[in-house]
Amino acid sequence: MRKLEDKTLIVASHNAGKIREIRDLIGPMGFEAKSAADLNFVEPDETGTTFEENATIKALASAKASGLPALSDDSGLVVDALNGDPGVYTANWAETADGTRDFAMAMQKVETAIQEAGATAFDRRTGRFVSVLCLAWPDGHVELFRGEVEGHIVWPPRGDQGFGYDPVFQPLGYDTTFGEMSGDEKHGWKHGWKHGWKHGDTDALSHRARAFKLFAETCLSA
């Protein structure tokens, strides 16, 4: 595994919510984070059929465009009753005719599909959030880290925190949705990497936090 020595990192995303979360995660470690959106990089076509493939496409595009290491996230909601949909097409379900994204509409689409599948009982409304982080260097080297969190799809949506599908996802062991949690609650740690993750005594809750924990333990120097 290659260690990340640079303290300037490109966040390979144009998604404001995702950029904010990644900056929240790496900021306390002394990184200066610039996003692909800040640098006006063209968004690459996400032609992969897996989270790993799409994360790699995004990270390599930003790393090669900037000449700096780049960190991307490809994530989505996987619903068991929908045979894994929306999955890698999670963002596509939110696309509107004018090219913007409407996640209220997307959550309604998911709920309608679940109802049509007959998965009305709570124990049949299972699913998970998946996040794959890709750290890429300009020379083409990549490292991949996958995090998942199990839960249930609830309706109606609850909470206005987070972004995307957070208001309809209730993680196992909790009676609140990601949309009702603060950033610290959603990520699930209190002390940060140097005071917790390295010693195995801090848990990560969200899919992105779990992937980020693997990234930190593998690629960041103590």
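This is a predicted model: local features need pLDDT of at least 70, side-chain atom pairs count only at pLDDT 80 or more; totals for chains, interfaces and linings use all residues.

The protein has five helices and six strands, and reading from the N terminus the order goes β-α-β-α-β-α-β-β-β-α-α. How compact is the protein for 222 residues? Its radius of gyration comes out at 17 Å, close to the 17 Å from the globule rule, so the chain is as compact as a globular protein of that length. Along the principal axes, the C-alpha atoms fill a box of roughly 50 × 40 × 25 Å. Of the 222 residues, 48% are buried. If you take contacts between residues at least 6 apart in sequence, 58% of them join residues at least 24 apart.

Now the inside. Nonpolar side chains tend to be buried together in soluble globular proteins. Here, the largest nonpolar core has 21 residues, and the ones with the most contacts inside it are L4, I26, L135, F212 and F215. Which elements give two or more residues to this core? That would be β1, α1, β4 and α5, the last one being residues 207-219. The largest share, five residues, comes from α5. Apart from that core there is another one, with 19 residues, including A94, M107, F129 and V149.

Since α5 came up, let's stay with α5. This helix has 13 residues and spans 18 Å from its first C-alpha to its last, close to the expected 18 Å. Its buried residues are H207, R208, A209, A211, F212, K213, F215, A216 and C219. So what do they pack against? The partners are α1, β3, β4, β5 and α4, which is residues 183-187.

The buried ones in α2 are F51, N54, A55, T56, K58, A59, L60, S62 and A63. Among the elements covering them are β1, α1, β3, β4 and β5. Just past the end of α2, G67 has a positive phi of about 75 degrees.

Next, a single side chain I'd like you to zoom in on: E21, in helix α1. Buried or exposed? E21 counts as buried, because its relative accessibility is 6% and the cut-off for buried is under 20%. The side chain of E21 makes a polar contact of 2.7 Å with the side chain of K186. Leaving out neighbours within four places in sequence, the contacts of E21 are F163, K186, H187 and R208.

For contrast, go to D123, in the loop between α3 and β4. At 59% relative accessibility, D123 counts as exposed. D123 and H152 are 29 residues apart in sequence, and their C-alphas are 7.8 Å apart in space.

Where are the cis peptide bonds I've picked out? One joins D85 and P86, with omega about -5 degrees, and P86 lies in the loop between β3 and α3. Another runs from W155 to P156, omega near 0 degrees, with P156 in the loop between β5 and β6.

And here's N40 again, as promised: its phi is near 60 degrees, a positive value in a residue other than glycine. N40 is exposed, at 67% relative accessible area. N83 also has a positive phi, near 55 degrees. You'll find N83 in the loop between β3 and α3, and it is exposed, with a relative accessible area of 75%.

Definitions and conventions. Residues are numbered from 1 along each chain as its sequence is written. Side-chain values use heavy atoms; hydrogens and water are left out. Buried means under 20% relative accessible area, exposed over 50%, partly exposed in between (1.4 Å probe, protein chains only). Helices (H or I, at least four residues) and strands (E, at least two) are DSSP runs, numbered from the N terminus. Contact means heavy atoms within 4.5 Å. A nonpolar core is a set of buried Ala, Val, Leu, Ile, Met, Phe, Trp, Tyr and Cys residues joined through side-chain atoms within 4.5 Å. A polar contact is a pair of N or O atoms within 3.5 Å; within protein, one must be able to donate a hydrogen and the other to accept it, and residues adjacent in sequence count only if both atoms are side-chain atoms. The radius of gyration is taken over C-alpha atoms; the globule rule is 2.2 Å times the number of residues to the power 0.38. The expected span of a helix is 1.5 Å times one less than its number of residues.
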